[in-house]
Amino acid sequence: MLAFQIKSPGNVEVIDLDMPQLRPGEVLIKIDYVGFCGSDLNTFRGKNLMAISPVIPGHEIGGTIEAVGDNVPEGMFTKGMRHGAMREYIAIPWEKVIPAPGISSRDCALIEPMSVGFHAVDRGAVTDIDTVMVIGCGMIGLGAIVRAAMRGATVIATDLDDDKLELAKRLGATYTINSAKENIHEKLCDITAGYGPDVVVEAVGSPVTYVTAVEEVAFAGRVVCIGYSKSDVTFQTKLFVQKELDIRGSRNALPADFNAVIRYMQHGNCPVDLLVSEIVMPDKAQEALQRWSDNPGKVFRILVKF
């Protein structure tokens with residue numbers, strides 16, 4: 001079977017693997033679509049500090065069950081799961097499969113990245129009395145915007161790209177700030193009467209955005225960090241104490257987050273067609289990664305079709 005492998009920075013290949021052997025308690029998934037994550041892009045660029053080489057990426061997937069082993073309940077469907085699914089087939093424990101009725105295989109590949117944003121909002125304990133700023137309107141940031149808006153919060157979306165900010169408004173942001181054109185601090189003072197947002201979700205992973213999150217969050221506010229910076233970040237640590245901040249990491253998602261995204265997508269309000277930037281076959285995946293690397297601001301999700 002075919003699989004897509006990142007051998008080293010900038011160097012990928014389509015390889016041939018043996019079909020997985022199905023063991024008791026496992027299901028065999030025929031992979032239909034796999035999304036490239038930002039971590040995959042960083043692996044391709046040689047900037048993913050947690051990556052190993054060579055590696056078969058892929059944890060944002062949509063597929064269908066081909067076969068089941070012994071001791072597996074009936075009636076499963078599947079979407080985002082473990083690392084290494086960018087291949088034609090994969091065998092996984094049945095407990096890792098979450099039903100997603102009424103959602104296409106293509107759209108299932110969008111559930112995992114959006115669930116990461118949902119989880120960040122949960123980590124931030126967001127409620128309807130909060131003002132939430134989300135820094136970065138990629139797929140994960142948009143997930144945070146959707147979830148915060150669903151909880152009744154006032155949402156401020158921040159990004160460098162006007163098209164992404166327009167989509168953020170459609171998904172629930174009340175205010176937008178283009179940080180390439182506008183002064184974030186001044187805009188936040190206008191929006192929040194000088195108090196700053198109660199919660200800031202950092203969904204970029206750069207030193208500038210990390211510092212911005214800490215500087216702009218309100219006193220006694222919560223900073224939720226999703227992105228991780230590839231270089232050291234220098235903070236005025238007095239702000240941690242002076243402002244009595246809660247700084248919380250957020251990584252991956254829980255089953256409850258997946259189920260919340262599934263319910264949201266089942267309602268038909270998610271503009272899924274706008275979130276799929278491109279669909280490519282495995283032999284064109286390197287070219288797609290390179291295009292994303294050259295112009296990252298214009299891509300939501302690239303899907304590889306098997």
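Select strand 3 (residues 26-35), which is mostly covered: nine of its 10 residues are buried. Here a strand is a DSSP run of E with at least two residues, a helix is a run of H or I with at least four, and both are numbered from the N terminus. Buried means under 20% relative accessible area, exposed over 50%, and partly exposed in between, using a 1.4 Å probe and protein chains only.

Before you go on, know that this is a predicted model, in which local features need pLDDT of at least 70 and side-chain atom pairs count only at pLDDT 80 or more, while totals for chains, interfaces and linings use all residues. Residues are numbered from 1 along each chain as its sequence is written, and side-chain values use heavy atoms, leaving out hydrogens and water.

**Partners of strand 3**

Which strands pair with strand 3? Pairing requires that DSSP finds at least two bridges between two strands.

- Strand 4 (residues 60-68) runs antiparallel to strand 3, joined by eight bridges; look for Val34 and its bridge partner Ile61.
- Strand 5 (residues 89-93) pairs with strand 3 in the antiparallel sense over five bridges; Ile29 has Ile90 as its bridge partner there.

**Helix 1**

Next, pick helix 1 (residues 38-45), where Asp40, Leu41, Asn42, Thr43 and Phe44 are buried. What covers them? The cover includes strand 1 (2-8), strand 2 (11-16), strand 3 and helix 11 (285-294).

**The largest core**

Now colour the nonpolar residues. A nonpolar core is a set of buried Ala, Val, Leu, Ile, Met, Phe, Trp, Tyr and Cys residues joined through side-chain atoms within 4.5 Å. The largest one has 48 residues, of which Ile111, Leu142, Ile145, Val201 and Leu275 touch the most other members. Elements giving two or more residues to this core include helix 3 (111-123), helix 4 (139-150) and strand 7 (154-159). Helix 4 supplies the largest share, seven residues.

Zoom in on Leu275: beyond its neighbours within four places in sequence, its contacts (heavy atoms within 4.5 Å) are Leu110, Met114, Met139, Leu142, Leu167, Cys270, Phe300 and Arg301. Another core, of 30 residues, lies apart from the largest one, and among its members are Val55, Met86, Ala288 and Trp292.

**Thr131**

Move to Thr131, in strand 6 (residues 131-135). Is Thr131 buried or exposed? Thr131 is buried, because its relative accessible area is 17%. Leaving out residues up to four places away in sequence, Thr131 touches Thr154, Ile156, Thr192, Pro197, Asp198 and Val199.

**The cysteines**

Show the cysteines next. How many disulfides are there? With a disulfide taken as a pair of cysteine sulfur atoms within 2.5 Å, the count is zero. Cys108 is buried at 0% relative accessible area; its sulfur is 12 Å from the closest cysteine sulfur, in Cys270, and so too far for a bond. Cys137 is in no disulfide either, with the sulfur of Cys270 the nearest at 14 Å.

**Last stop: confidence**

Finally, colour by pLDDT, the predictor's confidence in each residue from 0 to 100. The chain's mean is 92, and 97% of its residues reach 70 or more. Then select residues 78-83, where pLDDT stays under 50; the model has 35 contacts beyond four places in sequence for them.
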